[in-house]
Amino acid sequence: MSLDIQRIEMDQLVCWQVRRGEDELLIAEQGAQILSYRQGDAPPIIWLSEEAAFQQGQSVRGGMPICWPWFGDLARNPQPVQASYQGEQPAPFHGLVRALPWQLREQRSDGGAAILEFHCPQALGALPGWPHRVELRLQIRLADELELSLTSSNVGDQSVCISQALHSYFAVSDIQQVRVEGLAGCPYVDTLQNWEEHRQDGDLQFSGETDRIYQRLPATLAIVDPAWKRRIQLTTNGSTSAVLWNPWIDKAQRLSSFADDAWQRMLCIETANVMSDVLVLQPGQRHSLGVAIKASCTDL
């Protein structure tokens, strides 16, 4: 299996293009953000907006941004996560590391797999308003499937509470035709209905804007896409929560770097540690949040 890793530039961003046989992975050094992933001539697995901007200091729309050390609106996080931020400026959505330069510390091959490891040096006490020391690294492994592992190691002398997510945008043929398996019976909070709690009945199908925080999840979920005869399986570790999101018609028109009709072609399933699943790291403790993404063809 041929492997090739090249440094390229996309507008203002340094990126790494990884080719393994006919598979291709694109990673921005900024935010250690996977931008796109595809296998051969098949439709992409990870979705990148057609209107994405590749600018310094701005997270790219699509791909797999890293939300850390909190997810979403800080004010909606548990109190210990809120208390960890002591900045004078309003807390930005999705944390502090999405638009920072990370460092590629290692690239190597291992039994036909390509492995890259990125570190975020600012997390070691240099994040504005966040006076904690955490060694933060992301390992990406590309083989027959794509594996990510985000590891937080508390090297400070005080405990720290973190929420986080791998904000993954998946490409789909038509959001109105796909379904998500593995959610049946799981509790969730519907942020569009006054943050009320519900329980999932059967598979999740989509007929309108969706923004749900699922809890107590099994390790495996799957996106079933009949039109593309494809199943994308997500197997997680270090997480029992996930956020499922699609902006639908009206909100899509208000999003930056997002075509008005792009809602039809994407679905976010964000492997996470949120709400009751947040992390408390004591000094010397570490935690890894991981997901393995495997696409397979199937007759549906």
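Q: In this predicted model, why is Arg108 called partly exposed?
A: Arg108 has a relative accessibility of 34%. Buried needs under 20% and exposed needs over 50%, so Arg108 at 34% lands in between and counts as partly exposed.

Q: What makes the pairing of Arg108 with Glu106 a salt bridge?
A: The closest N and O atoms of Arg108 and Glu106 are 2.7 Å apart. The cut-off is within 4 Å, so this pair qualifies as a salt bridge.

Q: And Glu106, why is that residue called partly exposed?
A: Its relative accessible area is 30%.

Q: How do you know whether Arg137 is buried or exposed?
A: Check its relative accessible area: 18%. Buried means under 20%, so Arg137 is buried. Its salt-bridge partner is Glu135, with the closest N and O atoms 3.4 Å apart. Glu135 has 29% relative accessible area, so that residue is partly exposed.

Q: What makes Glu147 and Arg141 a salt bridge?
A: Their side chains meet at 3.4 Å, N to O, and the limit is 4 Å, so the pair counts. Glu147 is partly exposed at 28%, and Arg141 is partly exposed at 24%.

Q: Why is Thr236 called buried?
A: With a relative accessible area of 18%, Thr236 falls under the 20% cut-off, so the label is buried. Thr236 sits in strand β19, and touches residues including Pro218, Thr271 and Val291.

Conventions. Residues numbered from 1 in each chain as written. Predicted model: local features only at pLDDT ≥ 70, side-chain atom pairs only at ≥ 80, totals over all residues. Heavy atoms only, no water. Helix = DSSP H or I, 4+ residues; strand = E, 2+ residues; numbered from the N terminus. Buried < 20%, exposed > 50% of the residue type's maximum accessible area, 1.4 Å probe, protein only. Contact = heavy atoms within 4.5 Å. Lists of a residue's contacts leave out its neighbours within four places in sequence.
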